[in-house]
Amino acid sequence: MLANKVFHKLGLHMSPATKHNLYSDFGSACLFSLFNVVFNQFYIALAIRQGATNLEVGILAAAPAIGLLFSPIWAGRIEQSNPKPFVIIPNLIGRALLLLPAFFGAPSVYVVTAIIFYFLMGIQAPAYPALVTRMYQPELRGRLMGYVRVAMGAIMIPLAYLVGSWTDKSGPSGALMAAAITGVISILSLARVKEIALPTKVSARKSSFKDQLKLVRNHRELVVFFAATTLTGFGNILASPLYQIIQVRELQLNNIEIAIARISYYVCLLVAYFVVGFVIDRFSAKQTLVYGLAAFTIVPLLYGVFGNYPAVIIGSGIQGIGDAIWDIGILAYIFRVVPGREAVVFGLHLMLFGIRGSIAPLISTGLSDYVPISGLLIGAAICGCIGTLIFLLQKGSREMTKADGG
């Protein structure tokens, strides 16, 4: 079989269960590509073109964080049960919700849809890392996550241009409907995955919030990790809605020009997924994460200092590298630091994301009418720089290097 030859050449000697799960995950990721492009790359821009105010843009940018405020509650439940339903059911409902703005294009519908969708994602987000540990063999996990995402990124490159052209010519409704349909089919493909034996025993006891905080206090690596990602993540989210405002209102880019920036994002995302998965398995998730933190420091600097179309193109590419590292790197880092407690730790990580993600976009969009956007972006870069330095100092510690085992 051709697939077996490819796996052999890549050095992937998989069990039948892992291979089955890879096929299911691969199919799901490829089908998810259209939803990803429409919702994660064009949704806010489409809302702005539909008449969304700066405040509504801020709420849309904050929406991913709102549902995640409750992630530790869901994480405690997930830890004592099968994580798969917590991933499949919220995603099934959430992706179908994209039909609402497709039929009712008012900015308020975009906002309400995003809030409900991300509340549902707050349920599935802490469950996903626990599901991944049951999908793939530990020694192959980083590479398999990377290869699946490489395929998704390769598909999203032409899709970004097609969606930009499509929405410029025909409006957003058709693209939103297609994204909802393929998104639902995608999650049904992921529902086919089968659980494999875990290398570590997972506690069946439900963890209270106090127990979860105690777990963090007992792991210095987690304290440093949370401090670094909170500061850098705050800067990244502070700047995120400003990128959209600059692109649509200040530079007056059309959807095709925005699509070219998205292509830059996806090309770099694709390459980074391939490289990051290999590097994590061969070397250290901790060292890899430093580059992800640094990427989120550079992007707001590019927008703040230059603020032109070339800066948008280059910044989009660097953002893709940062997102790829955070996507795989954070999962791999948590797997190694606290094996068997992924759902709980990821739940706390998402709660902190919920806090900063709810506040930061509202601050930046609220101040954008009174403070120069370039000044806000420089402030975001400073936050990212501090977070990166915190993690770098930990990386240089002999104790931390030993703890990582890499």
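**Close-up views of a predicted model**

At 6% relative accessibility, Ser28 counts as buried, where buried means under 20% relative accessible area, exposed over 50% and partly exposed in between (1.4 Å probe, protein chains only). Before we look around, note that this is a predicted model, in which local features need pLDDT of at least 70, side-chain atom pairs count only at pLDDT 80 or more, and totals for chains, interfaces and linings use all residues. Residues are numbered from 1 along each chain as its sequence is written, and side-chain values use heavy atoms, with hydrogens and water left out.

**View 1. Ser28 and its neighbours.** Ser28 sits in helix α2; helices (H or I, at least four residues) and strands (E, at least two) are DSSP runs, numbered from the N terminus. Which residues does Ser28 touch, not counting residues up to four places away in sequence? They are Ser186, Ile187, Ser189 and Leu190, with contact meaning heavy atoms within 4.5 Å.

**View 2. Helix α2 meets helix α9.** The axes of α2 (residues 16-49) and α9 (residues 141-170) come within 8 Å and cross at roughly 35 degrees. Here, axes are lines fitted to C-alpha atoms, for helices over the stretch in contact, and angles run from 0 to 180 degrees between N-to-C directions. By class, the contact of α2 with α9 has 19 nonpolar, five polar and one charged residues. Ala, Val, Leu, Ile, Met, Phe, Trp, Tyr, Cys and Pro count as nonpolar, Asp, Glu, Lys and Arg as charged, and the others, Gly among them, as polar.

**View 3. Helices α3 and α7.** The axes of α3 (residues 54-66) and α7 (residues 107-124) come within 7 Å, crossing at roughly 15 degrees. From α3, the contact includes Glu56, Ile59 and Leu60, and from α7 it includes Tyr110, Val111 and Tyr118. The residues of the contact of α3 with α7 divide into eleven nonpolar, one polar and one charged. α3 passes α7 in a left-handed crossing.

**View 4. Aromatic rings.** How many aromatic pairs does the structure hold? There are 14 aromatic pairs; rings of Phe, Tyr and Trp (its six-membered ring) pair if their centres lie within 6.5 Å, and planes under 30 degrees apart count as stacked, over 60 as edge-to-face and the rest as tilted. The rings of Tyr265 and Tyr266 have centres 5.1 Å apart and planes at 80 degrees, so this pair is edge-to-face. Both Tyr265 and Tyr266 are buried. One aromatic cluster is formed by Phe32, Phe35, Phe39, Tyr43, Tyr110, Phe117 and Tyr118.

**View 5. Helix α8, mostly covered.** In α8 (residues 127-135), nine of its nine residues are buried. Among them are Tyr128, Thr133 and Arg134.

**View 6. Ile237 in helix α12.** Ile237 belongs to α12 (residues 220-250) and is buried, with a relative accessible area of 8%. Not counting residues up to four places away in sequence, Ile237 touches Phe353, Arg356, Gly357, Ala360 and Pro361. The C-alpha atoms of Ile237 and Ala65 are separated by 9.8 Å, although these residues are 172 residues apart along the chain.

Technical notes
Left-handed = near helix turned anticlockwise from the far one by under 90°.
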